[in-house]
Amino acid sequence: MSKKLLFMSAFVSAITVSFPSIAKHDFAIAIHGGAGTILKKNMTPEKQRKYEKTLLKAVNKGYALLESGKTSQEAVIAAIQILEDSPLFNAGKGAVYTYEGHHELDASIMDGKTLNAGAVSGVKIVKSPIALAEKVMEESVHVMLSGDGAERFAKEQGLTLVDNSYFDTKHRYKALQRAKKKLAEKERELKDFQAAHETLPNHFKYGTVGAVALDKYGNLTSGTSTGGMTAKRWGRVGDAPIIGAGTYANNASCAVSATGHGEYFIRYHVAADICARMQYQGIPLDMAANTVINDVLVEAGGNGGVIAVDAKGNISMPFNSTGMYRASRVAGEKPYVAIFKDKKD
């Protein structure tokens, strides 16, 4: 354990709320693969099966680790890395392209016991951004590293580095070309790139993967990883690596990972707001999460969703978009996997 982690653990143990050792669920995990304009009419049965199979693989991997007594941190990392390695999702291998035609990846992780956290932004050659975020949390005195500095740190830590072309995929490149065409048309009309970017359809603006978990020891962890926004420029950073916006965990309340239009999640501090409403208002997780996603964000014009788990293993996965790739599993129960809205939403 790093010196920073030891200090944070000692500090937070004095201020966090203690929970009974026996929770409603001994352990639990939830994952997401992004929210957005996901329509059944655009989803072939074969493609849907691929998404569901990968989501199931990721949630079951995390569940198996929790069941065997591993920590929530280990479960979150393992689940996210399965999604990072899949070209289906906008993280790792399936990351979208920037306007200039390369990939810039972000990730973050937070420990609910200590409130220690690690994050990286704008990395281009790190195979697993979530693994680097974990190293920042455990092996550095900082919370967030970016760009070249983050990559130098990754090399020092012995993480796997790849050429930026490793993240190339044909479907993401085609999406970039469509986005640039739309941007060019609107920029000519509006004479303003920023205004033109606002007109892009939502499916160009977000896509993320994440996981939250409660382990047998009563500790919560949340993590998020993303390739960001299609055709993003100027080193844009969204909510995924920002603690409190896209990722937050606190044993006194809950763990949250967000997905959606990052600018809104940053402005409204979405992940931390959900946990704060639980902790300070004494309301249940599902009420806190739904209020923020379906009231606060909707009123502001924000689109997306979250996955969240509380200290008793209750899970909430609200979203205000047409769909969200998601899966969950609690101790002793079968996994739940879904993409579109159902009776639970």
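A disulfide is defined here as a pair of cysteine sulfur atoms within 2.5 Å. The structure is a predicted model, in which local features need pLDDT of at least 70 and side-chain atom pairs count only at pLDDT 80 or more, whereas totals for chains, interfaces and linings use all residues. Residues are numbered from 1 along each chain as its sequence is written, and side-chain values use heavy atoms, with hydrogens and water left out.

A search of the whole structure finds one disulfide. It is formed by C254 and C275, whose sulfur atoms lie 2.5 Å apart. The torsion about the S-S bond of C254 and C275 is about -115°, so the disulfide is left-handed. Because C254 belongs to strand β8 (residues 254–260) and C275 to helix α9 (residues 270–281), the pair ties together parts that are 21 residues apart in sequence. Both C254 and C275 are buried (under 20% relative accessible area, with a 1.4 Å probe and protein chains only).

The protein chain contains ten helices and twelve strands, assigned as DSSP runs (helices H or I, at least four residues; strands E, at least two) and numbered from the N terminus. Of its 345 residues, 57% count as buried.

Methods: Buried < 20%, exposed > 50% of the residue type's maximum accessible area, 1.4 Å probe, protein only.
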